[in-house]
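Reader: Can you walk me through this one? Keep it quick.
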Amino acid sequence: MSKPKVAFFDFTSCEGCQLNKLNFENDFLDMLEHVDIVEFREAMDDKADEYDIAFIEGSISTPTCIERIHDIRRRAKVLVALGQCACSGGVNAMKNLHQPDWVREEVYGNEKYRFPSIPAQPVSAVVKVDYEVRGCPMSAPEYLHIFKSLVMGRKPEIFDHAVCVECKLKENECVLDKGMFCLGPVTRAGCEAICPGNGQYCTGCRGPISNLNLEGAVEMLREHGFSETEARKRLHLFSANELV
Ligand code: SF4
Ligand code: SF4
Ligand code: SF4
């Protein structure tokens with residue numbers, strides 16, 4: 001039986017999610033035994049006409065991105081958005097809170113007309129996305145879970161509860177008790193609460209739970225001493241597209 005053909009593609013991103021998978025070491029090597037990697041720009045020159053699973057990193061932020069993602073979608077049986085840039089626009093989407101011309105001038109100066117750009121969008125704004133691996137960078141446990149499930153032909157379990165739930169199950173000390181502010185109560189789980197588990201607060205890199213009460217979240221931050229502007233900035237860092 002032939003192995004599933006897997007391809008990785010990068011769009012507007014820092015490529016941290018793709019690099020992160022090389023850190024999975026033995027788990028990544030185990031995975032390679034069960035699939036054929038047919039495209040992966042960071043590691044090989046080969047190209048393929050079709051893919052069983054296409055993993056997409058990065059947001060859609062230029063007209064060329066739109067053409068490319070349609071082409072990949074046509075060739076892919078299953079398409080997975082990898083990391084917060086691909087899932088929501090991620091940190092790239094902060095530019096959407098400003099005037100597009102001002103942003104282009106800040107970044108490219110007088111050369112701005114040579115770089116057409118559009119508001120940073122999640123992949124799902126342009127084509128159908130079958131699964132998402134959230135996080136900035138993407139969460140290793142969730143990625144391995146989704147990858148293994150798809151290769152075995154199973155439907156992966158997707159989380160939509162708060163990081164606090166995972167944090168409590170791991171019996172971590174709550175960093176709120178140390179005077180830190182944590183976005184765990186409003187952030188989507190799936191990372192095994194890795195930051196509080198290491199004594200740090202959650203910055204919300206997996207984006208908000210789907211039924212978030214935005215005004216309630218802002219109020220919660222204000223109760224912890226943040227101005228309304230600062231509270232909204234914290235919530236927008238990884239989720240500007242989802243929380244405007
Ligand atoms: S989600 Fe974060 S780590 Fe991944 S590509 Fe985007 S900015 Fe980089
Ligand atoms: S440390 Fe953060 S994620 Fe953990 S229980 Fe406290 S508020 Fe929730
Ligand atoms: S704890 Fe929060 S900031 Fe840390 S990886 Fe999980 S979602 Fe991201």
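This is a predicted model: local features need pLDDT of at least 70, side-chain atom pairs count only at pLDDT 80 or more; totals for chains, interfaces and linings use all residues.
Reader: Strand β3, residues 51-57: how many of its seven residues are buried?
Author: Six of the seven are buried, so β3 is mostly covered. Buried means 20 or more other C-beta atoms within 10 Å of the residue's own, with C-beta atoms placed from the backbone. Strands are DSSP runs of E, at least two residues, and helices are runs of H or I, at least four, numbered from the N terminus.
Reader: Which sense do β3 and β4 pair in, parallel or antiparallel?
Author: Parallel, over six bridges, with β4 covering residues 76-82. Pairing takes at least two DSSP bridges. Phe-55 has Val-80 in β4 as its bridge partner.
Reader: And what is the partner of Ala-7 in β3?
Author: Ala-54. Strand β1 (residues 5-10) also pairs with β3 in the parallel sense, over five bridges.
Reader: New topic. Which residues come nearest to ligand 1?
Author: Ser-13, Gly-16, Gly-83, Cys-85 and Cys-136, out of 14 around ligand 1. A residue counts as near if its C-beta atom, placed from the backbone, lies within 6 Å. Helices α1 (16-22) and α4 (84-88) each give two or more residues to that shell.

Technical notes:
Residues are numbered from 1 along each chain as its sequence is written. Chains are lettered from A and ligands numbered from 1 in the order in which they are written. A residue is buried if 20 or more other C-beta atoms lie within 10 Å of its own, exposed if 12 or fewer, and partly exposed in between; C-beta atoms are placed from the backbone.
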